[in-house]
Amino acid sequence: MRYAQGGGLTDAERAARERIRLQAVVRFEAGETNREVAAALRVSERSVERWHRAWREHGQGGVLSQGSPGRPRLSETQIARLERELERGPLIHGWADQRWTLARIKALIGRLFHVSYTVEGTWRLLKRHGWSWQQPARRAIERDDDAVEVWKKGDLAAGKSTAAERSAWILFEDEAGQSMTPPRARTWGRIGQTPVVRVRGRGSGRVSMAGMTCYKPGERSRLIYAIREYRGRKDEPKGFGWRDLRGLLVRARIQLGGPIVLVWDNVRLHLTAGMKAFIEANAEWLTVFQLPTYAPDLNPQEGVWSLVKRDIGNLAAADLAQITRAVKRRLKQIQYRPDIVDGCLAGTGLAIHE
């Protein structure tokens with residue numbers, strides 16, 4: 001379908017507008033009021049007033065549009081090439097960062113096709129072909145996308161098969177932490193005056209979190225978690241150890257009432273000798289699969305942490321206990337919303353209910 005430059009409308013869309021204007025002319029000739037015509041054709045009364053004025057002054061020809069002002073300046077073949085080059089990224093084309101701006105895309109069009117676009121025209125071109133201004137996701141340079149695909153077809157498939165054979169739950173585990181300094185969140189403010197969130201500069205401490213999103217076909221999705229505070233006292237553990245994770249897994253088995261297929265990453269805590277011995281000693285109900293390296297986007301528990309930190313954004317906590325209460329409150333809310341837990345899984349693009 002051919003695109004026209006005038007307003008970025010397709011031929012089909014332009015023809016539909018012409019039909020509406022022709023119907024308006026027929027109703028004008030029948031003596032209907034502007035309000036009646038607008039209601040019948042489901043258009044604004046202001047547009048009908050403009051058409052009626054043009055009809056009185058110039059007749060039917062004054063109401064109809066003058067047609068497309070011209071063919072698009074880039075062919076479909078050129079558009080396809082432009083999209084391929086945009087997908088390659090700005091670095092390939094000589095820019096220092098990985099950010100496409102309208103000015104850069106305008107320059108790229110001129111470089112590739114010797115055609116001059118305005119910044120506004122570039123925006124309309126991109127919008128017309130399904131591009132938008134977006135917040136990019138971050139990926140580690142060390143990440144191996146091929147290994148991720150192999151994992152999905154290998155380890156993940158094996159994990160789903162194991163879970164189906166044993167009627168087991170699939171658990172995704174991860175740890176996170178939050179200090180006294182809250183995450184920054186967007187807020188409304190007067191133009192030219194950056195909003196300021198006052199937080200305590202003194203004091204220390206950290207809230208450690210360990211959580212597992214739990215899935216099983218035919219069962220309500222679950223969230224199981226543990227919280228630990230660190231206040232900097234002598235001999236106080238800073239975070240979770242392998243024994244804490246062992247206890248969390250035992251608790252998960254009791255709550256879920258069945259075998260577990262555990263999926264987690266390769267952090268040192270998960271690979272300690274004590275944890276390996278525990279996994280081997282409980283192989284009858286616990287099977288473990290490791291996520292690919294640098295692939296946190298495959299873990300739905302990361303989505304839970306994102307929701308928690310979004311909820312405490314800009315929180316000016318008086319002490320560590322307030323941070324802990326806020327974290328517990330949000331995790332408790334998510335526990336009672338299995339649709340949110342399912343949404344975190346959907347966000348990874350994984351499918352385990354096959």
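Predicted model: local features only at pLDDT ≥ 70, side-chain atom pairs only at ≥ 80, totals over all residues.

Trainee: What makes a space a cavity?

Mentor: On a 1 Å grid over the protein atoms alone, it's a set of points where a 1.4 Å probe fits but cannot get out. The largest cavity holds about 50 Å³ of space, counting what's filled by probe spheres set on the points, with points joined across faces, edges and corners.

Trainee: How do you know which residues line the largest cavity?

Mentor: A lining residue has an atom within 4 Å of a point. Here those are Ile79, Leu82, Glu83, Leu86, Leu125, Leu126, His129 and Trp131. Two elements give two or more residues each, α5 (76-88) and α7 (119-128), and α5 gives the most, with 4 residues. Those labels come from DSSP runs numbered from the N terminus: helices are H or I over at least four residues, strands are E over at least two.

Trainee: How does that lining divide into nonpolar, polar and charged?

Mentor: It has 6 nonpolar residues, 1 polar and 1 charged. Ala, Val, Leu, Ile, Met, Phe, Trp, Tyr, Cys and Pro count as nonpolar, Asp, Glu, Lys and Arg as charged, and the others, Gly among them, as polar.

Trainee: What makes a space a pocket instead?

Mentor: A pocket is an open set of points, with protein on both sides within 12 Å along at least five of seven lines. The largest pocket has a volume of about 1,000 Å³. Its lining has 28 residues, and Gln98, Arg99, Trp100, Gln134 and Pro136 lie nearest its centre. Helices α5, α6 (102-113) and α7 each supply at least two of the lining residues, and the lining divides into 15 nonpolar, 7 polar and 6 charged.

Trainee: And how much space lies in the second largest pocket?

Mentor: About 350 Å³. Of its 16 lining residues, Ala137, Arg139, Pro296, Asp297 and Glu302 lie nearest the centre. Both α12 (300-311) and α14 (338-348) give two or more residues to this lining, and α14 gives the most, with 4.

Trainee: Why is Ser208 called buried?

Mentor: Buried means under 20% relative accessible area, exposed over 50%, and partly exposed in between (1.4 Å probe, protein chains only). Ser208 has 7%, so it is buried. Ser208 lies in strand β2 (residues 206-215), and its contacts beyond four places in sequence include Ala176, Ala226 and Phe240, where contact means heavy atoms within 4.5 Å.

Trainee: Is Arg88 buried, exposed or partly exposed?

Mentor: Arg88 has 48% relative accessible area, so it counts as partly exposed. Arg88 lies in helix α5. His114, in the loop between α6 and α7, has 71%, so that one is exposed.

Trainee: What stands out about the phi of His114?

Mentor: It's positive, about 55°, although His114 is not a glycine. Most residues other than glycine have a negative phi. Ser167 also has a positive phi of about 55°.

Trainee: Last one: what makes a set of residues a nonpolar core?

Mentor: They're buried Ala, Val, Leu, Ile, Met, Phe, Trp, Tyr and Cys residues joined through side-chain atoms within 4.5 Å. The largest such core has 38 residues, and Val304, Leu331 and Ile334 have the most contacts inside it. Helix α13 (residues 320-335) brings the largest share, 6 residues. Apart from that core lies another, of 23 residues, including Cys214 and Leu248.

Technical notes. Residues numbered from 1 in each chain as written. Heavy atoms only, no water.
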